[in-house]
Amino acid sequence: MSMAPRTDTPHIADSHDLICVHGARENNLKDVSVEIPKRRLTVFTGVSGSGKSSLVFSTIAAESQRMINETYSAFVQGFMPTLARPEVDVLDGLTTAIIVDQERMGANPRSTVGTATDANAMLRILFSRLGQPHIGPPKAFSFNVASVKGSGAITVERAGKGKAEKKTFTVLGGMCPRCEGTGRVTDFDLTQLYDDSKSLNEGPFTIPGYNADGWYVRIFAEAGFLDPDKPIRKYTKQELDDFLYREPTKVKIDRTNLTYEGLIPRIQKSFLAKDREAMQPHIRAFVDRAVTFITCPDCEGTRLNETARSSRIAGINIADACAMQINDLAEWVRGLDEPSVAPLLGSLRHSLDSFVEIGLGYLSLDRPAGSLSGGEAQRVKMIRHLGSALTDVTYVFDEPTIGLHPHDIQRMNDLLLRLRNKGNTVLVVEHKPEMIAIADHVVDLGPGAGAAGGTVCFEGTVEGLRASDTLTGRHLDDRAAVKDAVRKPTGTLEIRGANKHNLQDVDVDIPLGVLTVITGVAGSGKSSLVHGSMPADAGVVSIDQSAIKGSRRSNPATYTGLLDPIRKAFAKANGVKPALFSANSEGACPNCNGNGIIYTDLAMMAGASTTCEECEGKRFLASVLEYTFGGRDISEVLAMSVTEAQEFFGSGEARTPAARTILDRLADVGLGYVSLGQPLTTLSGGERQRLKLATHLGEKGGVYVLDEPTTGLHLADVEQLLALLDRLVDSGKSVIVIEHHQAVMAHADWIIDLGPGAGHDGGQIIFQGTPADLITARSTLTGQHLAAYVAP
């Protein structure tokens, strides 16, 4: 066989080495044009809201995914999300995009780390092959499959005749029948449901919606099972059972057929079927007050029935394996030597080793997916790509260093470089200088945020960025200095015997009246200590990383409650109802229902959005826009930025102190450029985090707990955050911050460092003291990295 002779003439196919973007106009982008080198690591940076996500996710990645979707048949496209073509003139040189974003995983109670990564599926096959005693196929080990038995007659057609045959079937599942595979059961505090000294006719219920003259109460009183004039505490055992637990029973009341059902199952269906975060505030308060979730006593929280737990490999059952820390589980699997399942063991080892390699070895496979932080969720999604044989694809990451200790960032850098070295294009939206430093190419957007951003300020190498006069370039080598003097605490918050998750009976006194930073490697127990061990009466205002809810109808004005005083001010000035000044109520344009746009669903094709011709995108009735306040109509007020609105509502005839107070909080967290009516769906991750912070600043409480508030913040914005934290402390508040950012650590009055490792290697206090003492001691990983970071 002869080989074709090699030539040095470059092949024309090798000339397509750039992703070219011309005239991008998504969100706040202003005709942006960039050329991104393929098979290189490109970092996109700039202040929060400068247009990074609009360029990377909403333009490049979105168009790549849209074009791939169009290659499928119309039938398949009908089952896929429809994507509109981005606002861009030319996109050339695109490759398949794989998006690894920081969206937290769904809070479905059945979803765990194991089910989200297919590790559970491989474990179930392993136990179905090697487990002793053998109990059945893989689904016999699944907590999502219930055991089912059935029998009946079927008709079989043979030789033109139908013959009836009796058939029975059995499905052996692993689900615990008591908790239905969730690992928890609900326990009701009956004293929070009703006053047992009252009768049904006296209105005993303290449940939202159970009014004395409502249908719910009438069914209980008139169904015939209970005496409506008898106090509940005097019910017989049978009456109490009918009242609380009776199965659904058809009854007739006032000639109307209705269903009578016990109070407990009725509450479970009407209140507990929803995700807690989706509940209205008063419903959520009731559930928190009346319902407690306890570990299922039958399965002890493992979710699996007794049969599934009886089968073992080397003394370990599948529940034990899923409860192990993943790095321990990887060692256990490595010790199994069974040639009959060698390929399966190899795949399982690789999957578990990927967890360890990516810094998640401290997790367990039975950890609920909804409890993972944004950074942990993003790294779990990365696992399926680490061993992928794909090359020449575009990987898109959204701040992969979120939730990572400085010690772990180097490991993440190595993983990204490995993906690049396989011949892939890696695009990263990032603020951390440690990650910017490894970039082959940097695109800096800005110069400001919102309307002040959306342009390319710099494009080139890291050294070129450092020498440039852009905001990022000037702050790239910023180093925080330790304060000359720290504040003195005014008291202490005592935590004793904290043992949630991996905490090892921790006793700690958190100083009050100062800025305290809780730090440590990812998985060391920081959140367990602060969110899970605080005394209930401490008056804590907790601002965690959970996503804010909101549709395109929601905006900063509605989310923060700012629209209420604005509506009232408009109504008072014009002598009309406040509801007229809501685009979700009476004032809404009837043509677009207050959306400002008309959306046309085109089935499997991308939907079309057009500005409403009736209201011209203003969302309100023309008659409503005739009412003014301070010379502006309601649509003009919602189009203002926070900074403009501060001035408008701060003085003159439009002076509204209640609105000004909320606007000041928004400006304090660095959102002065955001317009009041901007849909929440268009805000970046960092902007949403700060919007939530601004909302919580108005709550009454002496202790503020912030979970990584620097998430999504540019280097230049960190200074503003530190100034805000200082103002909170100086106003008499105690501020506790879970944080990895060295600038926040250096600015603290007191540092509590957890570790020394993650998972069962962590959960201990390894340092308490001032930042200066931590740097001097250099006894922990945090101390070493902080010493290397601070200004000399």
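Colleague: In this predicted model, which residue of S15 is the bridge partner of Thr 42?

Modeller: The bridge partner of Thr 42 in S15 is Leu 427.

Colleague: In what order do the six strands of the open sheet follow one another, and why are S5 and S17 called edge strands?

Modeller: The order is S5-S14-S15-S3-S16-S17, with mixed pairing. Strand S5 (97-100) and strand S17 (455-460) are the edge strands, since each of them pairs on one side only. On average, neighbouring strands of this sheet are turned by 15° against each other, if direction is ignored.

Colleague: Which strands does helix H1 lie across?

Modeller: Helix H1 (residues 52-69) lies across S3, S5, S14, S15 and S16, and runs at about 130° to S5.

Colleague: How do you know that the buried residues of H8 are on the same side of the helix?

Modeller: In helix H8 (residues 281-290), the buried residues are Ile 283, Phe 286, Val 287 and Ala 290, where buried means under 20% relative accessible area. These residues cover an arc of only 95° around the axis, and therefore they lie on the same side of H8.

Colleague: What do the buried residues of H8 pack against?

Modeller: They pack against strand S8 (184-188) and strand S11 (291-295).

Notes:
Residues are numbered from 1 along each chain as its sequence is written. This is a predicted model: local features need pLDDT of at least 70, side-chain atom pairs count only at pLDDT 80 or more; totals for chains, interfaces and linings use all residues. Side-chain values use heavy atoms; hydrogens and water are left out. Buried means under 20% relative accessible area, exposed over 50%, partly exposed in between (1.4 Å probe, protein chains only). Helices (H or I, at least four residues) and strands (E, at least two) are DSSP runs, numbered from the N terminus. The arc is that of the directions from the helix axis to the C-beta atoms. Contact means heavy atoms within 4.5 Å. Two strands pair if DSSP finds at least two bridges between them. Axes are lines fitted to C-alpha atoms, for helices over the stretch in contact, and angles run from 0 to 180 degrees between N-to-C directions.
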